[in-house]
Amino acid sequence: MVAIETTALTKRFGEVLAVNDLNLRIEDGEIFGFLGPNGAGKSTTINMLLDFHRPTAGAATVLGYDSQTETDAIRKRVGVLPEGLELYERLTAREHLELCVQMKNADDTPESVLARVGLSDDGDRKTGGFSKGMRQRLSLGMALIGDPELIILDEPTSGLDPNGIQHFRELLREEAESGTTVFFSSHILSEVEAVCDRVGIMNNGELVALDSIDTLREHTGTGGEVEITVESVPDDLQLQSLDGVSNTTIEGNEIHTHCSSTDAKMSVIRHIDTNATITGIVVGEASLEELFNEYTDSRDGDRDVDDDETKEKDKQEVIA
Ligand SMILES: Nc1ncnc2c1ncn2[C@@H]1O[C@H](COP(=O)(O)OP(=O)(O)OP(=O)(O)O)[C@@H](O)[C@H]1O
């Protein structure tokens, strides 16, 4: 079955074309990451799926139900963590969960949900005193109530500490293993890569990429670095003459090159192997940041990516 399908889905707010002609199909059981910089149209899309916003044109179905005419059927079967969910400051975490259980006619116990989201010790505290991360954990718990067939989460890790993010990933995997489809938006690239089967990248209201991150990496050809350590560097290596190889530098007995593809990386390794004795190889993939920029060209945009993210290089030791 198809969990989410949009057909030419479009939303205009006055002059702003927030979502333009979006065609998306999410299969049952997928963990799908919906990526994009600030203002790309992610929340607007989610809001149209749940009928919080009416589309200007086009249509959407969620679990086979029309998102405008069969909203009740959708809300019964879907767990939602909307952007900027307001909690009732005077109610405790447990009371929030009890309300959700009643509304969804579910049989979850507040204790089990509190434990799942790491709030076992805070169930009787009023949410007015909760930190941002604790609010987010509780909101996630509320979305999980009633064993939904699909969970739709808008920026679910916003405010979570590293431990909370790790916990969140485990929760998503558990949900997916039990057959739940997961659709979540984010602008944090590594978070999406860590859990998603496929990603869609939005930019300026348009879907600019739709695939697995590995395949997107291959298509963009952003390649990556290869660092090879040799017993001694031969005089005239001529690496620049190899296809797809650039920026060669030598430091001591280490040779660094930038390669535009996996083939280029392999030819560098073969070339050096025939001319020198290799003692170590480190192959780095293009950073997620580079990949993202390749699709969104938003280097000057206002999105907020962690410094650590921008420095990320997914290096892999190939030979010790
Ligand atoms: N209610 C609204 N009225 C007017 N413009 C809106 C409204 N909601 C969204 N927009 C505009 O639509 C565009 C897409 O916004 P949206 O919130 O969908 O982006 P987003 O990808 O979710 O961004 P973020 O990561 O910052 O949450 C933006 O230009 C935004 O200003």
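Entry 1, the whole chain. I looked up the accessible surface of the chain, which comes to about 15500 Å², with 44% of it belonging to carbon and sulfur atoms; accessible areas come from the Shrake-Rupley method with a 1.4 Å probe, and for residues only the protein chains shown count as cover. I note that this is a predicted model, in which local features need pLDDT of at least 70 and side-chain atom pairs count only at pLDDT 80 or more, while totals for chains, interfaces and linings use all residues. Residues are numbered from 1 along each chain as its sequence is written, and side-chain values use heavy atoms, with hydrogens and water left out.

Of the 320 residues of the chain, 48% count as buried, where buried means under 20% relative accessible area, exposed over 50%, and partly exposed in between (1.4 Å probe, protein chains only). I found eleven helices and 15 strands, which are DSSP runs numbered from the N terminus (helices H or I, at least four residues; strands E, at least two). Along its principal axes the C-alpha trace spans about 75 × 45 × 35 Å. Among contacts in the chain with a separation of 6 or more, 68% are between residues 24 or more positions apart, a contact being heavy atoms within 4.5 Å.

Entry 2, the sheet. I traced an open sheet of six strands in the order E6-E7-E8-E3-E9-E10, with mixed pairing; two strands pair if DSSP finds at least two bridges between them. Its edge strands are E6 (78-81) and E10 (206-211), each pairing on one side only, and the twist averages 15 degrees from one strand to the next. Strands E7 (residues 150-154) and E8 (residues 181-186) run parallel and are joined by five bridges; I checked Ile151, whose bridge partner in E8 is Val182. Helix H6 (residues 162-177) packs on the sheet, touching E3 (31-35), E7 and E8, and its direction makes about 155 degrees with that of E7. For such angles, axes are lines fitted to C-alpha atoms, for helices over the stretch in contact, and the values run from 0 to 180 degrees between N-to-C directions.

Is Ala93 buried or exposed? Ala93, in helix H3 (residues 93-104), counts as buried because its relative accessibility is 0%.

Not counting residues up to four places away in sequence, Thr257 touches several others, including Gly224, Val226, Leu239 and Val268.

Which residues come nearest to the ligand? Of the 13 around it, they are Gly39, Lys42, Ser43, Thr44 and Glu83, a residue being near if one of its heavy atoms lies within 4 Å. I then looked up individual atom pairs: an oxygen atom of the ligand is 2.5 Å from an N or O atom in the side chain of Thr44, and a polar backbone atom of Gly41 lies 2.9 Å from a ligand oxygen atom. Taken alone the ligand exposes 640 Å², of which the protein buries 64%. Strand E2 (16-27) and helix H1 (42-49) are the elements that give two or more residues to the shell around the ligand, and the largest share, three residues, comes from H1.

Methods: Polar contact = N/O pair within 3.5 Å; in protein donor to acceptor, adjacent residues only side chain to side chain.
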